[in-house]
Amino acid sequence: HLKAQIDAASEARRLAGCNALDSWIQKRLADGLEGDIVLAGDYNDKITDAPEHNVFEVFLAAPEQYRFLTQEVVDDDDYSYIPFTSLIDHVLVTTSVLAAYGNGSTQAVHLESTVAGYESSVSDHRPILTRFASP
């Protein structure tokens with residue numbers, strides 16, 4: 001869960017968090033540890049922000065190494081954060097995971113349309129569901 005809020009200090013903390021995650025992943029890879037990494041959760045920011053405000057630039061600038069599976073949700077014009085109709089919950093993977101993902105899919109699950117009082121009693125976020133290809 002990266003830092004929430006829209007102020008510059010919060011954005012800077014999210015950027016620092018993404019850079020720290022990248023450093024951790026790079027160290028694992030350099031040490032020859034497991035390279036199949038899936039990071040899922042509330043990132044509190046959009047992957048579609050302009051580069052000068054995009055806290056994910058470290059990942060987006062390295063498509064040979066990373067992929068946001070939630071790009072599919074963006075492409076479907078869907079969202080996870082209900083009050084602001086924005087996609088701030090993501091699934092980020094290292095590209096070595098893509099073989100297992102195969103023809104899988106990622107989507108926002110619209111529980112608020114089937115669970116009474118979802119926003120007030122469960123969450124103001126829709127779950128993000130990623131299904132990997134069957135073996």
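## Basis

Helices here are DSSP runs of H or I with at least four residues, and strands are runs of E with at least two, numbered from the N terminus. The model is predicted.

Three strands make up an open sheet, arranged in the order 1-3-2 with antiparallel pairing. Strand 1 (38-42) and strand 2 (66-68) are the edge strands, each pairing on one side only. From one strand to the next, the twist averages 20°.

Strands of a sheet pair through backbone hydrogen bonds, either parallel or antiparallel. Strand 2 and strand 3 (residues 89-94) run antiparallel and are joined by three bridges. Tyr-66 has Thr-94, in strand 3, as its bridge partner.

## Helix 1 and the sheet

Helix 1 covers residues 8-30 and lies across strand 1, strand 2 and strand 3. The helix runs at about 135° to strand 2.

## Residues with positive phi

Gln-5 sits in the segment before helix 1. This residue is not a glycine, yet its phi is positive, at about 90°. The cut-off for exposed is over 50% relative accessible area; Gln-5 has 52% relative accessibility and therefore counts as exposed.

Asp-77 lies in the loop between helix 3 (71-75) and strand 3. Asp-77 also is not a glycine and has a positive phi, of about 55°. With a relative accessible area of 70%, Asp-77 is exposed.

Conventions
Residues numbered from 1 in each chain as written. Predicted model: local features only at pLDDT ≥ 70, side-chain atom pairs only at ≥ 80, totals over all residues. Heavy atoms only, no water. Pairing = 2+ DSSP bridges. Axes fitted to C-alpha atoms, helices over the stretch in contact; angles between N-to-C directions. Contact = heavy atoms within 4.5 Å. Buried < 20%, exposed > 50% of the residue type's maximum accessible area, 1.4 Å probe, protein only.
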